[in-house]
Amino acid sequence: MISRRDFLQASMAASALVGASGFGNWSKLAAQQALTQDQLLEFDTFGNVSLIHITDIHAQLKPIYFREPEINLGVGDNKGAVPHITGAEFRELYGIEDGSPSHYALTYNDFSALARTYGKMGGMDRVATVVNAIRAERPDALLLDGGDTWHGSYTCYHTEGQDVVNVMNALKPDAMTFHWEFTLGQDRVRELVDGLPYAALGQNIFDAMWDEPAAEFKPYQFFERGGVKIAVIGQAFPYMPIANPGWMFPDYSFGIRDERMQEMVDEVRAKGAECVVCLSHNGFDVDKKMASVVTGIDVILTGHTHDALPEPVLVGDTILIASGSNGKFVSRVDLNIQNGRMMGFRHKLIPIFSDVIEPDAEIATLIDEQRAPYKDQLEEVIGQTDGLLYRRGNFNGSWDDLICDALMSEREADIAMSPGVRWGPSILPGQDITREDIWNVTSMTYGRAYRTEMTGEFIHTILEDVGDNLFNPDPYYQQGGDMVRIGGMGYRIDITKPQGSRITDMTLLSTGEAIDPAKSYVVAGWASVNEGTEGPQIWDVVENHIRKQGTVTVTPNTSVKVVGA
Amino acid sequence: MSFSRRDTILMALGAAAATTLPMSARAAIEDAISAFTDGAEVGETGITLTAPEIAENGNTVPVEVSAPGAASIIILAAGNPTPGVATFNFGPLAGAQAASTRMRLAGTQDVVAIAKMEDGSYAQARQEVKVTIGGCGG
């Protein structure tokens with residue numbers, strides 16, 4: 001493929017160009033309060049192929065606030081490597097000025113103050129403007145959706161994904177892969193995929209009964225763009241029936257299946273593919289490992305772990321692109337493909353500042369049409385917050401603490417558990433909390449809030465199990481979520497230890513006593529993957545709790561001690 | 001993550017089995033290996049074991065083995081109370097020395113496949129398969 005020397009030259013050229021026309025420059029200009037749409041979109045069209053990547057939108061059709069993580073620990077070979085760098089270190093690595101728009105978009109510090117300066121981000125009407133602008137320069141650019149699209153909002157839940165499908169179809173993507181979509185249930189997924197005017201891809205989506213490729217999802221799709229034969233191979237989230245309720249899609253099996261990925265790459269190359277793109281929902285570290293195992297992929301468009309990186313990461317001859325979540329960013333990747341080889345690339349992570357980028361009128365109208373039947377429900381104010389509500393991070397965020405408090409008080413429990421999902425926009429101090437806001441952090445098809453008894457020993461087993469999904473040093477054993485959020489209990493975690501010995505010092509906060517392995521505790525939680533879970537819906541539990549509080553008070557959570565980071 | 005009392009007990013047992021492999025199981029796997037190999041030295045190349053890194057369902061985990069030139073292949077689940085999963089014997093007319101089946105795993109453990117080659121040598125492949133409670137995917 002590409003010799004190391006060719007590639008270094010290509011990457012140096014590209015980084016120089018990024019420095020000149022892309023990332024570094026707009027941050028400086030914006031610091032002078034001169035951020036414009038033209039600057040955000042500025043890009044010297046390069047080579048002969050353009051890719052546009054969006055991923056993990058989680059049904060956020062309207063602009064949102066989304067605070068990036070403070071704690072995002074890497075383990076094993078990924079300790080201290082991107083995307084496991086946050087805050088000031090991240091800004092230093094990429095030369096981002098403090099207080100600049102990229103500081104606000106990409107790091108967590110001073111989030112509330114900067115959010116007031118720079119406003120909300122995202123909105124699929126703004127994304128449409130960006131996509132259209134890229135298509136104006138390169139009419140045959142490929143638009144690729146990395147999945148986690150048909151999940152995560154009030155309207156998405158009530159329309160079973162139809163609202164997002166309608167909006168996305170209007171954006172005319174070329175291909176998509178999947179994760180949370182399957183939690184709509186396999187019948188609904190098949191119904192939506194059947195009517196999809198673009199390719200539904202997943203080389204690792206298998207028929208569970210026969211352990212052979214599922215008929216509804218093709219492994220790859222060929223495109224001829226700019227005279228180049230491009231193969232896009234899909235990679236769905238590998239651990240769907242483990243991280244999400246498998247009983248909702250019993251006909252399907254997943255897995256990483258990197259040996260089949262290699263077979264698919266070889267197959268498309270043999271069929272004449274000059275450029276191979278993997279549209280992936282593996283998560284960044286899994287993709288990084290896969291790129292080192294599978295040869296012949298030019299570009300991996302990563303998803304799932306919600307990382308936003310201003311520059312591609314190189315693994316061998318493969319470039320990895322990370323495009324963030326919730327509609328905050330769109331990545332544009334221009335490639336120069338000559339004689340079946342990637343000779344160079346140019347990349348830009350385009351931040352969707354909603355007050356700077358003009359909404360596309362047609363898509364804006366379409367979004368409002370989807371929301372109109374639910375307007376009153378969406379906009380009802382349930383309460384206010386005195387502090388920043390956010391979720392993203394390896395351990396409890398303030399939204400999670402609020403949800404755990406709601407579970408403990410509404411369900412009369414000693415301990416609460418809330419899933420370590422990475423979606424859910426933020427709410428600024430002093431802002432109203434609407435019903436839509438609550439649904440944005442709780443909406444799912446298995447949201448029943450259970451109440452049960454668990455022994456101290458079993459709670460420990462759960463924490464160890466989830467901890468290993470996050471901190472196993474081999475990325476192939478990581479599921480890409482964050483640590484389960486705990487209310488009413490503190491613990492210490494040593495992330496360097498193996499499963500079974502990471503979690504110690506479990507303490508019941510109400511009494512200050514150590515958790516007794518033999519004693520039973522009343523535990524309330526939600527998002528159980530078990531069929532037949534009983535209880536009220538989590539969004540009703542949280543709404544009742546916030547209504548009673550009136551104004552929610554955010555207090556710093558110091559109950560988790562992290563060691564070995 | 002809500003569990004019936006029965007599920008809870010079952011999983012607690014599974015987890016206990018996963019974290020501390022009982023001595024008897026360790027001995028059982030060693031015995032099974034030496035019974036198959038007759039104590040001969042076992043190489044690492046020439047056999048491919050394909051199994052999921054994390055099982056979607058510990059009760060039915062797909063596993064595939066392939067060892068061109070093998071006379072027989074044995075699959076063992078190192079952490080099961082009874083490690084033996086399957087033995088495949090290939091006759092001279094076999095088109096390929098490969099087989100697949102599904103197995104039940106009591107908890108997170110190593111799955112071992114050993115091939116006895118036609119020349120009398122042995123080759124082994126080993127992979128950890130995690131059996132997890134699940135939930136909480138981002």
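Two residues are in contact here if their C-beta atoms, placed from the backbone, lie within 7 Å. Keep that in mind as you look at the close-ups of this predicted model.

**View 1. Where chain A meets chain B.** Let's begin with the two chains: 43 residues of chain A are in contact with 22 residues of chain B. Which elements of chain A give two or more residues to the side that touches chain B? They are helix H11 (240-243), strand E19 (450-455) and helix H18 (456-471) of chain A. H18(A) gives the most to this side, with seven residues.

**View 2. The kinds of residue on the side of chain A that touches chain B.** Sorted by class, this side of chain A holds 18 nonpolar, 19 polar and six charged residues.

**View 3. Two domains in chain A.** Now stay within one chain: its domain assignment gives domain 1 (4-368) and domain 2 (381-563). Taken over C-alpha atoms, the centres of these two domains of chain A are separated by 28 Å. Their contact takes 43 residues from domain 1 of chain A and 32 residues from domain 2 of chain A.

**View 4. The side of domain 1 that touches domain 2 in chain A.** Four helices of chain A each give two or more residues here: H6 (111-118), H8 (154-158), H11 and H13 (284-293). How many residues come from H13(A), the helix with the largest share? H13(A) supplies four residues. By class, this side of domain 1 of chain A has 21 nonpolar, 16 polar and six charged residues.

Key. Residues numbered from 1 in each chain as written. Chains lettered and ligands numbered in written order. Predicted model: local features only at pLDDT ≥ 70, side-chain atom pairs only at ≥ 80, totals over all residues. Nonpolar A, V, L, I, M, F, W, Y, C, P; charged D, E, K, R; others polar. Domains from an automatic or database assignment.
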